[in-house]
Amino acid sequence: MSDFLKVSRDGDVAIVIIDNPPVNALSLHVREPLKQALVELRDDPLVAAIVITCAGRTFVAGADITEFGKPVQQPELRAIIATLETIAKPTVAAIHGTALGGGLELALGCHFRVADASARLGLPEVKLGLLPGGGGTVRLPRLVGALKALKMIVSGAPIGAEEAHTTGLVDALFEGDLTTHAVNFAREIARKGGPFTPVRDRDDELKGTNLAAFDAEAADLAKKARGLEAPVACAQAVRNAVTLHFDEALAVERALFVKLVASDQSRAQRHLFFAEREAAKSPGKDPVKRRIARVGVIGAGTMGGGIAMAFANGGYPVTLLETGHEALQRGLATIDKNYAVSVTRGSLTEDAKRQRLAQFTGSTDYADLADCDLIVEAVFEDMAVKKEVFGKLDAVAKPGAILATNTSYLDINEIAASTSRPQDVLGLHFFSPANVMKLLEIVRAEKTAPDALASVVDLARRIGKVAVVVGVCHGFVGNRMLAARGSESEALLLEGATPRQIDQAFTDFGWPMGPFQMGDLAGLDIGWRNRKARGQTAVIADTLCEQGRFGQKTGRGYYLYEAARTPVPDPQVEALIRDKAAEQGIAPRAIEAEEIIERTLYPLVNEGAKILEEGIAVRASDIDVVWVNGYGFPVGKGGPMFWAGLEGADKIIERLEYWHHRTGKDVFNVAPLLRRMAETGSWEGAAAA
Ligand code: 3H9
């Protein structure tokens, strides 16, 4: 019928097969033949039942996201679902892989849904700053109840086929040839006879809805949304499914969708969706990858242990090396404890815990790393120590093994040059806790071989990381920009702002926490040690550390932590800041949130432009991926480089120039690429100009 849609027959059952690789998105070229096929099959007296299925690895994974932001072309998904609901004979969606977003909404337009036992179903639109716009908010509650629908739609997290079956979303589960099972299911249903009730007319599940409980849950979720509009709209739409007539609720859903799809937040989140996928692609021709079957990790401290867990969680056997038996046992015990916590929380089964622990082999002998295909060192951040480790690795690692350093700042070219195989050396900069944090900066050194790089990019995806390839410089992309963001924080304190005020400006912007809360969480002693090693000072942070105020771990930092992790402003710290300001002859003045943002986030963008110009990052969107996944930059603003476009490059330049003129500081020295961005309107244009 079309390249993207086929219809076949198995006796009196018609099988509609959507074939739009890679994920069977509902692009216009699918919607057109699909609507036509449904009309024809509806009117064909020889057809007793209709099965909708997909070719390839998955059922429909949603609307075609690349079409958003362009004029809507008919037929829309809603019209297709409306057509489905005019069909009196039984319609069955046969789901394998993932039924997501518009894909699940299409399935909800059918009378029945059957699924492969390994399938996953969900409405992830919220992650794109949207709500389900094909009737999902109105139909899903009719099958699973309003509260369950609320949780699914606001979280965007898919559920497994088994849970979908238990909750009533799926009518039957099958293993083996799904189409055959679905056809038999449809034929049997047709034989028994109708009438068959479309989901829109089934409201049994809605009748007992406890609206007070619903509203309490929705309020809780709204609080966690931190300024994002989509989760709030999702909750409102699901509530409408309970309180309004179906058609009214559907109309409101549509209106909300139209508003959200045009919003900056959704544009930002869609940008990130594609940016993450783009970042994982190796530039140039895809080389043949090296086989990575076993991983070695050197150092069983917090970082090394977390890295080892990340690999074990991804199914890789890990040799964990420490210098002494005691440190090794301590590291292994911590790993055991971390998994036990996951079991207690219900995110891991006892069985899975056993399987993961079985992936670890502890050792204190470098010779035991000889069978590892990738070895990651996570030892003390010191060039001499790293070189010693790489010297030992050079002696024992097998030919072609990839040797990685987890350094956050050090020059990987220098580390590589200290070995006889610089082509096998690269950086794997994990973020703490490494088993949880999604971001992985993959650092290509000058001599890193393309196949070594491509192999770890591929591996990163396999262990569920969001990988970004970056070049060598002090702090790479993330920490270098963090330094630019942080450079004015102290100055702002000395000039009159309080830690609370600065942190508040950040959380109002959408960050999960501000720089001082973050510093207290990470431990102020780390930066202190770094500064001392580089001969730098930060008068307030250094004084806090000299007083033993390292942050949460000592119960005191920029804030006091009396009750657990809640930061309480400390008058002593504020007095200390005023004293230090007085010593420097700085008279305190009132500082507005706008100035805080200008002096911290504009330098962040500026540094990003410098990084891009130097080729340390390949694309502006890679920088966004780093900042959203590693540093908590608000997703609704799309990362610093995307946000620069929203904020206006002209405005940023004007304010950077102002502050540069006033302070002479290099962080305000406008990057030439940022100027070209202002002229061309995009980072791509700026790079090409
Ligand atoms: C929606 O449905 C709105 C409706 O409610 C209302 C409409 C009115 N469109 O992730 P992968 C591309 S909103 C276009 O690497 P995986 C992706 O960019 C949608 N393209 O594969 C990549 O391209 P490339 C709700 C899409 O196996 C390639 O496919 N649905 C779409 O790791 C492979 O993707 C979602 O949000 C799309 N919908 O994971 C689901 N999806 O090769 C979004 C993927 O050029 N998709 N692409 O880089 C996913 O979550 C994952 O892709 C999936 C597969 C789990 C399906």
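Visitor: Which residue in E3 stands opposite Ile 15?
Guide: That's Val 51. Helices (H or I, at least four residues) and strands (E, at least two) are DSSP runs, numbered from the N terminus. Residues are counted from 1 along each chain, as its sequence is written. Keep in mind that this is a predicted model: local features need pLDDT of at least 70, side-chain atom pairs count only at pLDDT 80 or more, and totals for chains, interfaces and linings use all residues.

Visitor: OK. How do E2 and E3 pair, and over how many bridges?
Guide: Strand E2 (residues 13-18) and E3 run in the parallel sense, with six bridges. Two strands count as paired if DSSP finds at least two bridges between them.

Visitor: Where does the chain cross between E2 and E3?
Guide: Through helix H1 (residues 28-42), in a right-handed β-α-β crossover. Right-handed means that, with the strands pointing away from the viewer, the path from the first strand over the helix to the second runs clockwise.

Visitor: And E3 itself, buried or exposed?
Guide: Six of the six residues of E3 (residues 49-54) are buried, so the strand is largely enclosed by the rest of the structure. Buried means 20 or more other C-beta atoms lie within 10 Å of a residue's own, exposed means 12 or fewer, and partly exposed is in between, with C-beta atoms placed from the backbone. Ala 49, Val 51 and Thr 53 point one way, Ile 50, Ile 52 and Cys 54 the other way, and all are buried.

Visitor: What joins E3 to E4?
Guide: Three bridges, with E3 and strand E4 (residues 91-95) running parallel. Val 51 turns up again here, opposite Val 92 in E4. With helix H2 (residues 77-84), E3 and E4 make a right-handed β-α-β unit.

Visitor: In what order do the strands form the sheet?
Guide: E1-E2-E3-E4-E6-E9, an open sheet of six strands with mixed pairing. Strand E1 (5-10) and strand E9 (172-174) are the edge strands, each pairing on one side only. From one strand to the next, the twist averages 25 degrees.

Visitor: Switching topic: which residues come nearest to the ligand?
Guide: Of the 26 residues around the ligand, Ala 61, Gly 62, Gly 101, Gly 102 and Gly 133 come nearest; being around it takes a C-beta atom, placed from the backbone, within 6 Å. Strand E5 (98-100), helix H3 (102-108) and helix H12 (264-279) are the elements that give two or more residues to that shell.

Visitor: Which peptide bond from Pro 21 is cis?
Guide: The one to Pro 22, with omega near 5 degrees; Pro 22 is in the loop between E2 and H1. Another cis bond joins Gln 74 and Pro 75, where omega is about 0 degrees.

Technical notes: Axes are lines fitted to C-alpha atoms, for helices over the stretch in contact, and angles run from 0 to 180 degrees between N-to-C directions.
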